[in-house]
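Work through the exercises below with the sequence and the model in view. Each task is followed by a solution in steps.

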Amino acid sequence: MRRFVVVAAVLLAVLGLASPAAAHGGASVTIHSDGRGSVWITAQWQDGHPINEPTPVTLTATPAAGGSAVTAGAKLTQTGDERGTQTWSGVLPPGSWRVAIDLGAPVEGHCQALVPAVSGAETGTQSGTQTGTQTGTGAGTPQPVEVACLIPATAATAPAGDAPAGSSGAGSLAPLWVTLGVLLIAGLVVAEVIRRRKHRQR
């Protein structure tokens, strides 16, 4: 009986170490810009908790009109705040940029946005996707950007957006297994108590 209890306890401990992405049900990552070239992200698990676990995040910015990336694989730095903020120390030159964010484990996801950066006059419009042109002269009006991406818990094994709606991956079964483990231990304890009582009555 003691062996069964030990095995059940070990099983429960192992199941309790499920991956954070599966346990939280995916992530929400938002790319921000102040319109003047500064870029940062905020990242939360879909249950609302900030992603402050060690997560490698890189930024690549390419001119929207085509050309070489001004930065490729630049590292972002975590601030550890309640929004899961990660900041980039660089600043985009004036222009319109296609900014791509890649997140490593435990998130394993990708997000991108069209980001305008101004230091001179700017004309343009912003809608669901941002578009604009910069003249590079005069006084421009910065257009802040905030683009959110949903990253499912299955992002490590399937491209974002390919998972069926409502799916959180096989790892989402971890809470069920933990519950079953608890019930198993409780059942074994009750069975042992009943066995001992019957033995005493003899």
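Contact here means heavy atoms within 4.5 Å. The structure is a predicted model.

**Exercise 1. Describe the surroundings of Gln44.**

Step 1. Locate the residue: Gln44 belongs to strand 2.

Step 2. List the contacts. Not counting residues up to four places away in sequence, Gln44 touches Ala27, Ser28, His49, Pro50, Ile51, Arg83 and Gly84.

Step 3. A polar atom of the Gln44 side chain lies 2.5 Å from the backbone oxygen of Arg83.

Step 4. Decide on burial. Buried means under 20% relative accessible area. Gln44 has 19% relative accessibility, so it counts as buried.

**Exercise 2. Find the order of the strands in the open sheet of five strands, and name its edge strands.**

Step 1. Write down the order: 5-6-2-1-11, with antiparallel pairing.

Step 2. Pick out the edges. Strand 5 (77-78) and strand 11 each pair on one side only, and these are the edge strands.

Step 3. Strand 2 and strand 6 (residues 85-87) run antiparallel and are joined by three bridges.

Step 4. Identify a facing pair in this pairing: Trp40 stands opposite Thr87 in strand 6.

**Exercise 3. Describe the hairpin formed by strand 7 and strand 8, with its turn.**

Step 1. Strand 7 and strand 8 are antiparallel and share nine bridges. Val99 faces Ala113 of strand 8.

Step 2. Turn to the connection. Five residues lie between the two strands of the hairpin.

Step 3. Check the peptide bonds and backbone angles against the general rule. Most residues other than glycine have a negative phi, and most peptide bonds are trans.

Step 4. Note the peptide bond. Ala105 and Pro106 are joined by a cis peptide bond, with omega about 10 degrees. Pro106 is in the loop between strand 7 and strand 8.

Step 5. Note the phi value. Glu108 is not a glycine, and its phi is positive, near 55 degrees. Glu108 is also placed in the loop between strand 7 and strand 8. At 36% relative accessibility, Glu108 counts as partly exposed.

Step 6. Return to strand 8. Seven of its nine residues are buried, so strand 8 is largely enclosed by the rest of the structure.

**Exercise 4. Which cysteines form a disulfide, and which parts of the chain does the pair tie together?**

Step 1. Count: there is one disulfide.

Step 2. Name the partners. The sulfur atoms of Cys111 and Cys149 are 2.0 Å apart, and the two residues form a disulfide.

Step 3. Cys111 lies in strand 8 and Cys149 in strand 11, so the pair ties together parts that are 38 residues apart in sequence.

Step 4. Determine the handedness. The torsion about the S-S bond of Cys111 and Cys149 is about 70 degrees, so the disulfide is right-handed.

Step 5. Check burial: Cys111 and Cys149 are both buried.

**Exercise 5. Which residues have the most contacts inside the largest nonpolar core?**

Step 1. State the extent: this core has 28 residues.

Step 2. Name the residues with the most contacts inside the core: Ile41, Leu59, Leu92, Val99, Ile101 and Leu103.

Step 3. Assign strands. At least two core residues come from each of strand 1 (27-33), strand 2 (39-45), strand 3 (57-63), strand 7 (95-103), strand 8 (109-117) and strand 11 (145-151).

Step 4. Take Ile101 as an example. Leaving aside neighbours within four places in sequence, Ile101 is in contact with Ile31, Ile41, Val57, Thr58, Leu59, Leu76, Gly109, His110 and Cys111.

Key. Residues numbered from 1 in each chain as written. Predicted model: local features only at pLDDT ≥ 70, side-chain atom pairs only at ≥ 80, totals over all residues. Heavy atoms only, no water. Core = buried A, V, L, I, M, F, W, Y, C linked by side-chain atoms within 4.5 Å. Buried < 20%, exposed > 50% of the residue type's maximum accessible area, 1.4 Å probe, protein only. Helix = DSSP H or I, 4+ residues; strand = E, 2+ residues; numbered from the N terminus. Pairing = 2+ DSSP bridges. Disulfide = S-S within 2.5 Å. Polar contact = N/O pair within 3.5 Å; in protein donor to acceptor, adjacent residues only side chain to side chain.
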